[in-house]
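Student: I would like to learn how to read the features of a structure. Could you take me through some of them?

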Amino acid sequence: MKNQPNQPQPQTTKKQKPHPVPYERIQTILPVYLDQTGDGTQIYTQDGQTTTLPVPITHFMDQFAKTYFLDPKALKSFFRQKGLTGPLPLYLAGQIFISCKVRKPKISRDPCYGFIAYQAIQDLVPPASFILPHYQIPLACSLATAQKAYNNGILAEKILADYQKNFFQKD
């Protein structure tokens, strides 16, 4: 039997499912442990919605960066060259995400760092929690370390603004 022209042909490549949350609405990305699947990722959006994905945060962050054609290692290296130390931020989806330890590791190499949109942080309160518009993120680090991560977000914003200004400046 011949294939008829109106019949759909089987696909030979596997298409990736679209992400359930648009990247530009993401405000916080946290590692979580899921009973059924192990490492997972919890995402909080700007409107206070929460989505949990059964993929490790490292995999999710790699996909997030690939969507914007960015190399997180190169971006961190860029910030190191500009003098930032300690927890380095990432610039994704037009936002600066600072990294902070959000849980104690259960085993070695356990992902325990989350990413919080720096511009969304309203306050930092003791012992160490970031206050955002719809929720609070308790941290597993000291108040001083959280403040350092926040300050790195401020510096990253200035570095990127200067870089963009110089990059687009006419000779």
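Tutor: We will go through a pocket, a residue in its lining, salt bridges and aromatic pairs. This is a predicted model, in which local features need pLDDT of at least 70 and side-chain atom pairs count only at pLDDT 80 or more, while totals for chains, interfaces and linings use all residues. Residues are numbered from 1 along each chain as its sequence is written, and side-chain values use heavy atoms, with hydrogens and water left out.

Student: What volume does the largest pocket have?

Tutor: A pocket is found on a 1 Å grid over the protein atoms alone, as an open set of points where a 1.4 Å probe fits, with protein on both sides within 12 Å along at least five of seven lines; lining residues have an atom within 4 Å of a point. Points are joined across faces, edges and corners, and the volume is the space filled by probe spheres set on them. Here the largest pocket comes to about 510 Å³. It is lined by 19 residues, and T58, M61, D62, K76 and F115 are the closest to its centre.

Student: Which element gives the most to that lining?

Tutor: Helices (H or I, at least four residues) and strands (E, at least two) are DSSP runs, numbered from the N terminus. Helix α1 gives the most, with four residues. At least two residues each come from α1 (57–67), α2 (72–81) and β6 (113–117).

Student: How many residues of each class are in the lining?

Tutor: Ala, Val, Leu, Ile, Met, Phe, Trp, Tyr, Cys and Pro count as nonpolar, Asp, Glu, Lys and Arg as charged, and the others, Gly among them, as polar. The lining of the largest pocket has eleven nonpolar, six charged and two polar residues.

Student: Is M61 buried or exposed?

Tutor: Buried means under 20% relative accessible area, exposed over 50%, and partly exposed in between (1.4 Å probe, protein chains only). M61 lies in helix α1 and is buried, at 8%. Contact means heavy atoms within 4.5 Å. Setting aside neighbours within four places in sequence, M61 is in contact with I29, L90, L92 and F115.

Student: How many salt bridges does the structure hold?

Tutor: A salt bridge is a side-chain nitrogen of Lys or Arg within 4 Å of a carboxyl oxygen of Asp or Glu. The structure holds two. In one, D47 pairs with R25, the closest N and O atoms being 3.0 Å apart. This pair links distant parts of the chain, 22 residues apart: D47 is in the loop between β2 (38–45) and β3 (50–53), R25 in the segment before β1 (26–34). D47 is partly exposed at 41%, and R25 is partly exposed at 31%.

Tutor: D39 forms a salt bridge with R103, with 3.8 Å between the closest N and O atoms. D39 in strand β2 and R103 in the loop between β5 (95–101) and β6 are 64 residues apart. D39 is partly exposed, at 28%, whereas R103 is buried, at 15%.

Student: How many aromatic pairs are there?

Tutor: Rings of Phe, Tyr and Trp (its six-membered ring) pair if their centres lie within 6.5 Å; planes under 30 degrees apart count as stacked, over 60 as edge-to-face and the rest as tilted. The count comes to ten. Y23 and F60 form a tilted pair, 6.0 Å centre to centre with 45 degrees between the planes. Ring pairs link Y23, F60, F64, Y68 and F97 into a cluster.
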